[in-house]
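Here's a quick tour for anyone who likes to check contacts and angles by hand. Have the viewer open as you read.

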Amino acid sequence: MAQKKGVREDADELSHVPLQAVLLADSFAQKFRPITMERPKVLLPLVNIPMIDYSLAWLESAGVEEVFVFCCAHSKQIIDYLDKSEWLSLPKFTVTTIESHDSVSAGDALRLVYERNVIHGDFVLISGDTVSNMSLTQALQDHKDRKKKDSNAIMTMVIKKSKPSSLTHQTRLGNDELVMAIDPHTKELLYYEDKVDAADGMVTLDKGFLLDNSAIKVHNDKEDCYIDICSPEVLSLFTDNFDYQHLRRHFVKGLLVDDIMGYKIFTHEIHSSYAARVDNFRSYDTISKDIIQRWTYPLVPDIQFSGNRPIKLERQGIYKGSEFSSDIQLSRSAQIGPFTLVGSGTSIGDYSKISNSVIGEGCSIGSNVSIEGSYIWDNVTIRDGCQLNHALVCDGVVIKSGVVLEPGVVLSFKVVVGPQFPVPAYSKVSLLPQPTNQDSDEELEYADSGSRILDITSLNRALEVPNGELSRSSDNAEVGVAGVGYIWSVCEGGHEEEWRHSVAPIPANKIAELRKAPIEPDTPKLEILPAARVKPDVETSDSDDDPATDDPCDFDKEVEATFLRAVHEGVDQEHVIIEVNSLRLSYNMASLDCASAIFWSVMKLALETSHCTEGELFRNAVSAITTWRDLLRHYLQSIDEEIEIIMKFEEMCLESAKDFAPVFAKILHILYDKDVLTEEAILSWASEKEGADASDKIFVNQSQIFIEWLKEAEEEDDEEE
């Protein structure tokens, strides 16, 4: 297995014992039914790679040496997959499964882990649907340092900035607005509420809570990454409190209001790194796009990290699932648009158009087929004249001629859709009829309740039947003539709420409805009542565009896409400036935001250009900076903005692009030589770091010779004057 660049950390520097992790593989979201009942969600493909492989690849690259995979409802499938994978044969990386058929929650799982007595120190707790490229070094070190000073500091939660839409009160991952109160000095978590009433935008805090803390900052612009660094006490607390079932709703909230034990939870915010969890269809779509657009580097399709087949990256973000073009039968008249992946063994007929989509392996796509923003898994047959718009199609599905899949449709395994049949928006179609009783997500967090709502034996028997034969024994016309499948109604009264958790964009009519509703003013409000009511610091936008544009991450991605298009198509820099300015206005961003996004794009281009040594990487950086310096200089209008860019580069070297760390000083010098950064900015940055901790002065110390040279030159200039 190839070693990934820029992510590997040595855990021995932080601890004398191996760093361990607990991975909860049976994480479950009801929004994924009826898919997860047929296969454990962690084995579902995320850009043609099972979700659990992303989690294991990150843990291995971040220095974790021992992973305990907890599995319950679909334990056999998960264990069989791991046994056949490369994870069990890696040196210095041990994967052990813990199987239970009785656990129905995260609390039950962690109690069983405690009983097994396998955790011997601080450990990382994640679910098997987590995608990240962050470094654990700093977060783990901060956790250990706090624990030395305060034995009650037992947990560190990883968070990141993610402003929710002022219209939907949801993040780009489809999660509801989260309100957190954090001590700005110590980073201690003081309040956590993931069920905010959006009607009045108010959160109630006890008056005594405000009196007990000298400083409180209330956020609604943070996202929980569901990556936790835990002390062993966390496991014992679950054992002592059997009412702790849900990690956040019960455990975290319980500790925050418990004045007796005094245990504390802290936060670690990441900035340029990536971390997200797939827990609904919208997050599945968002994270898939992030992977294809390489925000998760080095966990991207064209880098082998889990035994996946070779994938070739071409211009405009097009991936093809084989190094040999003959392995994919693509008609000359077929059009493959940007940010699309086509798996090996797939054939695409005449005049078909595919864009912003993922096509699995062994698929057969006919002529005059239109696929936009969709996910087609393996061995799918799509006949001539079909239209798929932001849909998800599972393995073995047959879609006959002339079928139209409206936005948000999900077709489960081996479903057959009859010819000319229009599948309504947000429909979910399965081989078996929908059960009358379903468990609630409010009760379960990590148990896969699929085994509780229907007879899995009957389902497996149905899955073994060849496509189309099931229709002979049933008079089922829900999905057209000769169709096989039942349309599920997930919500009472139809699919009125399905747009919130879907792979489809939010419909224009829903946006119009939300805009008509009154919006709370964006000024924080504090009232002294029997309980203090603090309104979260919501930022509203005057833009009339789609609410997804409220997210700064979207702006960064749009800028990077614009930059890459300029690189690949030779677009003039003046035209790039025009496009970026247009994005800046539509997202209501500042000049610094543009500079930061462009700088990241330029350095990422250097990082992803082929290199084997530090010297080659440095030459890549010099070439990229030289080519695009005018574009960078256009948006750096002040000393403060230049300092922010240096700090942005520091973050990259520490987290998302650590290959640059050894050559930080050299690249800083190049940025000065190319007039991207001024002498005043570099010296001011160094001056600001004088009173900082040693961990914050790593790159100042590395650049000390260059900084001293600048100071001497400045003194000589002063003497001459």
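## A helix pair

Helices here are DSSP runs (H or I, at least four residues) and strands are E runs of at least two, numbered from the N terminus.

α14 spans residues 591-608 and α15 spans residues 614-635; they pack at about 160°, with axes 8 Å apart. Because of that angle, α14 counts as roughly antiparallel to α15 (the cut-off is over 145 degrees). Axes are lines fitted to C-alpha atoms, for helices over the stretch in contact, and angles run from 0 to 180 degrees between N-to-C directions. The crossing of α14 and α15 is right-handed, that is, the near helix is turned clockwise from the far one by less than a right angle.

## Ground rules

This is a predicted model: local features need pLDDT of at least 70, side-chain atom pairs need 80 or more, and totals for chains, interfaces and linings use all residues. Numbering runs from 1 along each chain as its sequence is written, and side-chain values use heavy atoms, leaving out hydrogens and water.

Next up is an open sheet of 7 strands with mixed pairing, in the order β5-β4-β1-β6-β13-β8-β14; strands pair if DSSP finds at least two bridges between them. β5 and β14 (264-270) sit at the edges, each pairing on one side only. Neighbouring strands in this sheet are turned by 30° against each other on average, direction ignored. α3 packs on the sheet, touching β1, β4, β5 and β6, and its direction makes about 115° with that of β5.

Inside the sheet, β8 (153-161) and β13 (222-230) pair in the antiparallel sense over 6 bridges. T156 has I229 as its bridge partner in β13.

Which residues of α3 (106-116) are buried? They are A106, G107, A109, L110, R111, L112 and V113, with buried meaning under 20% relative accessible area (1.4 Å probe, protein chains only).

## D53 up close

D53 belongs to α1 (residues 51-61) and counts as buried because its relative accessibility is 1%. Its side chain makes polar contacts with the side chains of Y81, at 2.4 Å, and W87, at 2.7 Å. A polar contact is a pair of N or O atoms within 3.5 Å; within protein, one must be able to donate a hydrogen and the other to accept it, and residues adjacent in sequence count only if both atoms are side-chain atoms. Leaving out residues up to four places away in sequence, D53 touches Y81, W87, F305 and S306.

Notes
Buried means under 20% relative accessible area, exposed over 50%, partly exposed in between (1.4 Å probe, protein chains only). Contact means heavy atoms within 4.5 Å. Angles under 35 degrees count as roughly parallel, over 145 as roughly antiparallel, 65 to 115 as roughly perpendicular and the rest as oblique.
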